[in-house]
2 protein chains.
Amino acid sequence: MTSSAVSQALYLDDIAVGDEFVSGRYHIDAEQIMAFASQFDPQPFHTDPEAAKQSFFQGLAASGWHTMSITMRLIVESVPFAGGIVGAGGELSWRRPTRPDDVLYVRSKVVEIIPSRSKPDRGIVMVQSLTLNQRDEVLQDSTAKLVLFRKQVG
Amino acid sequence: MTSSAVSQALYLDDIAVGDEFVSGRYHIDAEQIMAFASQFDPQPFHTDPEAAKQSFFQGLAASGWHTMSITMRLIVESVPFAGGIVGAGGELSWRRPTRPDDVLYVRSKVVEIIPSRSKPDRGIVMVQSLTLNQRDEVLQDSTAKLVLFRKQVG
């Protein structure tokens, strides 16, 4: 399944390894980058365009957690799991900085399904999400462990 | 080294496995939880206290990415790495939901130091950060891969 507009809520029984979901687009600008960073990642390369030029990033870059937070929003809007997107954890890596006026979108894929042994009503779904920009360059590669329930029967 | 107020910038040469850093405290309230979630994780258990009662979380809970973003701020304020906190990636798990009026702090520890083979001026420092609440319950366990430079000589 590849879809950017699935509306039906999906239970554990409804999904399979390889299922894919594509999000809508999100435009990020310098003002948003600086606002997020001043609250959560106050470092000059995220808050000060001039200072950022002399930094590791050679120009203003979004906090990686800003990129991840936008990714989460795009996942919530595009992966229609019943009960919502409930994460137990995950891992991620940043491949390239997110820059002012990038337009982000997310391609998510089910990579593993692990039924719970102790709780037969649910399982863990491993979903890999690539966050891409308008040139289809990968900015972030993340894999989340999501809790998903089976359809209740009876 | 355990310190909550180190002011000197630390280079790769200055740190050792086992070094610890303790952050200040951060009070999170319901308004902040709903504001973050409405921007980045718009799901009822993060945005609507009434609907949250019937959810998986049994009450309003912060987005895990909000907990992570606050953790990042506390790390930036408490881990005085020269050149700042520059992450290549990491992994995390959520142990318990972050609730309105929790007071968070972060204990960070250097768990591994990996000198770069190709770039002798830098290395990767693996830092594990536990995010705790006012009852010292672990809310989040995260490990970040941070880029850190050596002192420039000559």
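How many bridges join strand S4 of chain A to strand S7 of chain A? Keep that in mind while we look around this predicted model, where local features need pLDDT of at least 70, side-chain atom pairs count only at pLDDT 80 or more, and totals for chains, interfaces and linings use all residues. Residues are numbered from 1 along each chain as its sequence is written, chains are lettered from A and ligands numbered from 1 in the order in which they are written, and side-chain values use heavy atoms, with hydrogens and water left out.

**View 1. Strand S4 of chain A and its partners.** Eight bridges tie S4(A) (residues 86-94) to S7(A) (residues 138-149), and the two run antiparallel. Strands pair if DSSP finds at least two bridges between them; strands (E, at least two residues) and helices (H or I, at least four) are DSSP runs, numbered from the N terminus. Look for A:Glu91 opposite A:Thr143. S4(A) also runs antiparallel to S4(B) (residues 86-94), with five bridges, and here A:Ser93 sits opposite B:Gly89.

**View 2. Helix H1 of chain B.** B:Ile33, B:Phe36, B:Ala37 and B:Phe40 are the buried residues of H1(B) (residues 30-40) (buried means under 20% relative accessible area, with a 1.4 Å probe and protein chains only). Seen down the axis, they fall within an arc of 95°, so they line one face of the helix (the arc is that of the directions from the helix axis to the C-beta atoms).

**View 3. Helix H1 of chain A.** Here the buried residues include A:Ile33 and A:Phe36.

How values were computed
Buried < 20%, exposed > 50% of the residue type's maximum accessible area, 1.4 Å probe, protein only.
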